[in-house]
Amino acid sequence: MTGRRADLTGVADSANQGEVSAADIALRPLLRPGEVVEQIPGVIITQHSGSGKANQYFLRGFNLDHGTDLAVSVDGVPVNMPSHAHGQGYADLNFLIPELVEKIDYKKGPYYADVGDFGSAGAFDLHYYDRLPHGIAQIEGGQYGYGRALIANNQAIGADNLLYAIEVEHNDGPWVKGDNERKIDGLLRYASGTAANGWSITASAYHNIWNSTDQVPDRAIAGLADPVGAPTPPAPDLISRYGEIDGSDGGNTGRYALTAAWRHTGQASSTHASAYVLHYDLNLFSNFSYFLDDPVHGDQIEQQDQRWIIGGHLDQNWHHTLLGRPSDTTLGLDVRSDIINNGLYHTEDRIRLSATTVNHIVETSVAPYVQNQTHWTDWLRTIVGLRADAFWMNVDNKAGGNSGNANRQIFSPKVNVVFGPWEKTELYLDYGRGFHSNDARGVTSNLDPATALPRSSGEEIGLRTTRIPHLRSELSLWRLHLQSELVWDGDAGTNTPSGPTTRYGVEFANWYTPAKWLTIDADYAWSHARFTDVEPDGNYVPEALVSTFDGGIALHDLPGRVSRFSAGLRLRYFGPRPLTQDGTVKSKATTLLYADFGYRISDHARLGVNIFNLLDNKSSDIDYYYVSRLPGEPIAGAADIHTHPSEPREIRASFTLGF
């Protein structure tokens, strides 16, 4: 058994560590590729822009933006991008092909020596198959101009395997001006040997072009404008719920990667090495404040990012004894260098008017680490680790102004103590320090420079049990403190101050399989986030996640006459969040119900229907509160909730052929 159905008692280092399998992913209808990680308890994925922009991630009291404190990787290759034009740690998973994902390894908190930059809230590593269980040909279609085609298969080459896949997708969405998303991506993987002793070389390519309907102020939406406390909109220019203010927003992006991995396992040791080189580009056009800064041309900006990323990983593990007890020691090394050209421009209708910043950045990091796990008794084991991260940042501002260099190092100790198992139950005590790097442009700023590597520290008590037959439950009580820092705002091209914060919360995850044809899961998470210094505007952390619930019921592998059928229901609840530091403005809750139905025509052919937002709730994907100015409004603009609505009820049908 693999994935969330597996019993990780005696294996995992904490209650928050786990694995999602391909079988688990198949039980969830996916509106977006990034939603594969919503199988991880406590994770919410949203979107406030077009189909090709990175999702926003929420976890453990964070609005993680596009990945600031969440380390995301695919086959060990990091997805997060430091000093990115749109935001630090930008992690775009739109290149992902969900059907190729064999499993997702996840861990939360700063307790793991093999996790470095961006990993304070958590780390997710998605693994593609070396060899698919079978070939796939799939066609999907649905409302709002949605269409998708995928073909993926294996080709035997002697004892080795060539996996190939290509995916094309178009999507308009429900927006008045459709996204007109045009996505194409593909993958070639040559694999030899086994997972324990083998190697692979992978080439992948992804390109996407789209229009974008970004968040809009409530006062501009017909039926949402509130005459009490909100400015009167300049009638009759109200837009519909799915309308836009600036119809020229959108973007294009690409990701082209070549990776190699090698693994050798002996009787008392194992070695793993990987290397990667990839090219990435993005041109993103956004207008969040409309006519606040420039009443004549508008406030549209272009964020451009082009980079080469070169890096690798090496780890060596030894099985040995320590003071007569069984022990494992791992030495590891991560290296990475980003060679970046990015810029921020003032634009109108995607035409550049002026440059705010134009930068050439070279950012390199080297991180050795060591970790030891020792079983002291049948009921006590410890995992102790130490990680050292060193960064070199060089910024050359081609537009004039700030340029500079910075070299910084940070050490991060980690400790996990595991008691048990007793009665199929383990207790975990975890402590660790972590960090996230700040944008090199902010770190090297001559005016109020940002802290290069602001530290985090966390503690956790966890419980994992499979004592009740067919039920796996995990309970975590956690706390995380972040050091005072300055954060680079990619939308403004300046540093934005932020004080120290403390977050604490609880996660309760359950996975129940009372019969081989029935799966029930229910995950609840609650968190509390506050600034801990004296803040004149209040101590709430705007956009901080408070509560979330994700659960579902799936019927699959049914017996008897209904064996060809499958079905499922899934509820996703995203609770209200403070939108201002004083807590006086809050978002509404978002509750969405998904449904899916399947019919197996033959052993190799299947029909499927997915229904998203089954009840057609008028909810928000995400809400913000800030000042903007619509045409005709006073020059100072108005503060308002800005909403990106959840998509309405949408039906998609698919035909899948296995071979």
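The following questions and answers take up how features of this predicted model are named.

Reader: What should I know before reading the values?

Author: This is a predicted model, where local features need pLDDT of at least 70, side-chain atom pairs count only at pLDDT 80 or more, and totals for chains, interfaces and linings use all residues. Residues are numbered from 1 along each chain as its sequence is written, and side-chain values use heavy atoms, with hydrogens and water left out.

Reader: What makes up the secondary structure of the protein chain?

Author: Two helices and 35 strands. Helices (H or I, at least four residues) and strands (E, at least two) are DSSP runs, numbered from the N terminus.

Reader: Why is the protein chain called as compact as a globular protein of that length?

Author: The radius of gyration is taken over C-alpha atoms, and the globule rule is 2.2 Å times the number of residues to the power 0.38. For 659 residues the rule gives 26 Å; the chain has 25 Å, which is close, so it is as compact as a globular protein of that length. Its C-alpha atoms fill a box of roughly 75 × 65 × 50 Å along the principal axes.

Reader: How many of the residues count as buried?

Author: Of the 659 residues, 58%. Buried means under 20% relative accessible area, exposed over 50%, and partly exposed in between (1.4 Å probe, protein chains only).

Reader: Which peptide bond is cis?

Author: The bond from glycine 420 to proline 421, with omega near 10°. Proline 421 lies in strand S21 (residues 404–422).

Reader: How do you know that aspartate 117 has no salt bridge?

Author: A salt bridge is a side-chain nitrogen of Lys or Arg within 4 Å of a carboxyl oxygen of Asp or Glu. Lys and Arg count as positive and Asp and Glu as negative; His and the chain ends are not counted. For aspartate 117, the nearest side chain of opposite charge is arginine 336, 6.7 Å away. Aspartate 117 is buried, yet has no salt bridge.

Reader: What does the side chain of aspartate 117 make a polar contact with?

Author: The side chain of serine 437, at 2.6 Å. A polar contact is a pair of N or O atoms within 3.5 Å; within protein, one must be able to donate a hydrogen and the other to accept it, and residues adjacent in sequence count only if both atoms are side-chain atoms.

Reader: Why are strands S1 and S6 said to stand at the edges?

Author: Two strands pair if DSSP finds at least two bridges between them. Five strands form an open sheet in the order S1-S7-S8-S5-S6, with mixed pairing. Strand S1 (18–21) and strand S6 (77–78) each have a single partner strand, so one side of each is left without a neighbour in the sheet. Strand S5 (residues 70–74) and S8 pair in the parallel sense over five bridges.
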